Amino acid sequence: LDLLFEYVGTLQMWEEAISLCKELAEQYEKEVFDYELLSQNLVQQAKFYENIMKILRPKPDYFAVGYYGQGFPTFLRNKVFIYRGKEYERREDFQAQLMSQFPSAEKMNTTSAPGEDVKNSPGQYIQCFTVQPVLEEQPRFKNKAVPDQIINFYKSNNVHRFHYSRPVRKGSVDPENEFASMWIERTSFVTAYKLPGILRWFEVVSMSQTTISPLENAIETMSMTNEKILMMINQYQSDENLPINPLSMLLNGIVDPAVMGGFAKYEKAFFTEEYIRDHPEDQEKLNRLKDLIAWQVTFSVSS
């Protein structure tokens with residue numbers, strides 16, 4: 001048991017360790033009535049809870065890998081897998097190691113799905129790119145003020161949905177305001193099992209593609225930025241010794257037109273009479289974006 005907890009501690013999967021502790025505590029308390037072991041168990045649980053709140057854990061990257069061509073064995077041929085990277089592992093390093101296992105394979109430099117000519121070719125083609133894990137809905141957290149240290153674990157663990165986004169241009173492009181024509185093509189992946197699991201990689205069992213409009217992209221960007229601001233504030237409230245520079249730089253990047261374009265870019269792209277007239281169906285989304293901007297403006301001024 002000590003070896004198990006030591007192993008879990010090395011992986012920093014304290015949430016999983018707590019689940020095991022609770023199962024054992026149930027046995028110690030109600031089945032074998034060993035209160036000494038129960039006491040040790042509860043002390044260990046307390047340590048795991050403390051680790052969750054006080055120790056910063058690195059967020060692993062996830063990579064989509066496609067093996068295309070008839071040169072691969074059947075269990076890999078024309079299939080896509082999601083891999084969980086090691087701590088601080090860069091995509092370039094992961095890809096280099098991957099290619100070394102298939103010295104005859106050709107590296108694909110595109111993230112788009114290949115055509116039938118590639119899939120039916122006698123060679124080997126490997127496609128590799130970074131994907132973002134999608135947070136699974138946690139009903140027990142709904143409408144509750146849950147600390148970021150707790151939520152962050154579920155953003156990259158016990159996940160089986162991932163997505164990859166790439167910008168695409170549609171219609172006329174305003175060189176002075178890229179937001180107005182910035183569409184996002186998003187590919188979603190679902191794996192056979194949740195990661196991490198027994199393996200560090202699982203096969204993708206379904207893929208789908210959606211297109212996100214410039215307005216929807218703006219809302220998503222603003223929401224993520226607001227979330228990042230709140231997360232940094234919570235970190236500072238938990239540890240007053242943290243340097244304030246990262247938060248100051250983030251706020252400057254939001255409001256300084258020379259850095260990010262400021263709020264004026266969104267106003268010019270979406271809050272014009274012409275846009276509102278031509279897109280009456282977007283009124284609810286415009287109100288949402290307006291609220292997000294108002295929150296950032298209010299917070300930036302007060303800060």
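Modeller: This is a predicted model. Among contacts in the chain between residues at least 6 apart in sequence, 61% join residues at least 24 apart.

Biologist: Which secondary-structure elements does the chain hold, and what share of its residues counts as buried?

Modeller: The chain has 11 helices and seven strands. Of its 303 residues, 38% count as buried.

Biologist: Why is Thr187 called buried?

Modeller: The relative accessibility of Thr187 is 14%, and buried means under 20%. Thr187 therefore counts as buried. This residue is found in strand β6, which covers residues 182-195.

Biologist: What makes the pairing of Thr187 with Gln209 a polar contact?

Modeller: The two side chains make this contact at 3.3 Å, and the cut-off for a pair of N or O atoms is within 3.5 Å. The pair therefore qualifies as a polar contact under that definition.

Biologist: Which residues are in contact with Thr187, leaving aside its neighbours within four places in sequence?

Modeller: They are Phe162, His163, Tyr164, Met207, Ser208 and Gln209. For each of these, contact means heavy atoms within 4.5 Å.

Biologist: How far apart are the mean positions of the positive and negative charges of the chain?

Modeller: The mean positions of the 32 positive and 41 negative charges are 3 Å apart.

How values were computed. Residues are numbered from 1 along each chain as its sequence is written. This is a predicted model: local features need pLDDT of at least 70, side-chain atom pairs count only at pLDDT 80 or more; totals for chains, interfaces and linings use all residues. Side-chain values use heavy atoms; hydrogens and water are left out. Helices (H or I, at least four residues) and strands (E, at least two) are DSSP runs, numbered from the N terminus. Buried means under 20% relative accessible area, exposed over 50%, partly exposed in between (1.4 Å probe, protein chains only). Lys and Arg count as positive and Asp and Glu as negative; His and the chain ends are not counted. The place of a charge is taken as NZ of Lys, CZ of Arg, CG of Asp or CD of Glu. A polar contact is a pair of N or O atoms within 3.5 Å; within protein, one must be able to donate a hydrogen and the other to accept it, and residues adjacent in sequence count only if both atoms are side-chain atoms.
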